[in-house]
Amino acid sequence: MLIVLLSAVAAASEQDEPLHWWRLGREGQPLEQGCDSLDALRQRFAGERVRALLPEGVGLHRVTLPGQRAAALRAALPYALEERLSQELDDLHIVMGPRRSDGRVSAAVVEHSVITGWTERFAQAGLRVEALLPLAALYADQAPAEGLRLIALAGVNPYCIHTEGGVFGWHAG
């Protein structure tokens, strides 16, 4: 699997800007890393499963919703978030996450245009994105015991990607 870290700089550019990437083995272990354009990634990893991390533009929320059925919770979620959001619900993609131990439901919110823009760019490069995930999905307190985890750092490097064996790569914002 190929994990690609998206950036606002690349999103705003008409050029095929380099993006940081990590290739994982079947058990989630990091095999290699680099920084290449989408075209270079297609040439090197044709047919590889691709997941992309959105570091910006994703709002993460927790709301209390009545009911237990997942379908009812998904239907109620946009209306529970409506007062918190400064945009029209029709312009947003809202994904329900897990119910937390305190009973609240997690939700990720991103503009449809962000998802469409990135999926089109990957498609134009000949890559199919399996999932677009918020970068926060990799924070250490939520990550599995093995594989990639994200650690927030103070100072120059806002976050680094590391494994059980130590730092594997980092990204300066």
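User: What makes the meeting of the side chains of D39 and R42 a salt bridge?

Analyst: The term stands for a side-chain nitrogen of Lys or Arg within 4 Å of a carboxyl oxygen of Asp or Glu, and for D39 and R42 the N to O distance is 2.6 Å, so the pair meets that definition. Please keep in mind that this is a predicted model, in which local features need pLDDT of at least 70, side-chain atom pairs count only at pLDDT 80 or more, and totals for chains, interfaces and linings use all residues. Residues are numbered from 1 along each chain as its sequence is written, and side-chain values use heavy atoms, with hydrogens and water left out.

User: Why are D39 and R42 separated by about one helical turn?

Analyst: They are three residues apart in helix α2, which covers residues 38–44, and that is why about one helical turn separates them. The helix itself is a DSSP run (H or I, at least four residues), while a strand is a run of E with at least two residues, and both kinds are numbered from the N terminus. By this count, the protein chain has four helices and eleven strands.

User: Why is D39 called partly exposed?

Analyst: Buried means under 20% relative accessible area, exposed means over 50%, and partly exposed lies in between, with a 1.4 Å probe and protein chains only. D39 has a relative accessible area of 30%, so it is partly exposed, and R42, also at 30%, is counted as partly exposed as well.

User: How many salt bridges does the structure hold, and which residues are linked in a network of them?

Analyst: The structure holds six salt bridges, and R23, E32 and R44 are linked in a network. R23 has a relative accessible area of 21%, so it counts as partly exposed.

User: Where does L127 lie, and why is it called buried or exposed?

Analyst: L127 is found in the loop between α4 (112–124) and β8, and its relative accessible area of 7% is why it counts as buried. Not counting residues up to four places away in sequence, L127 touches L38, L41, R42, V50 and F122. The C-alpha atoms of L127 and G47 are separated by 7.6 Å, although the two residues are 80 apart along the chain.

User: What is the relative accessibility of P134, and why does that decide its class?

Analyst: The value for P134 is 19%, so this residue counts as buried. P134 is placed in strand β8 (residues 129–134), and it touches L53, L54, V58 and L60, not counting residues up to four places away in sequence. P134 and V58 lie 76 residues apart in sequence and 6.3 Å apart in space, C-alpha to C-alpha.

User: Why does A75 fall into its accessibility class?

Analyst: A75, a residue of helix α3, has a relative accessible area of 49%, and so it is partly exposed.

User: What share of the residues in the protein chain is buried?

Analyst: Of the 173 residues in the protein chain, 35% are buried. Among contacts between residues at least 6 apart in sequence, 45% join residues at least 24 apart.

Notes: Contact means heavy atoms within 4.5 Å.
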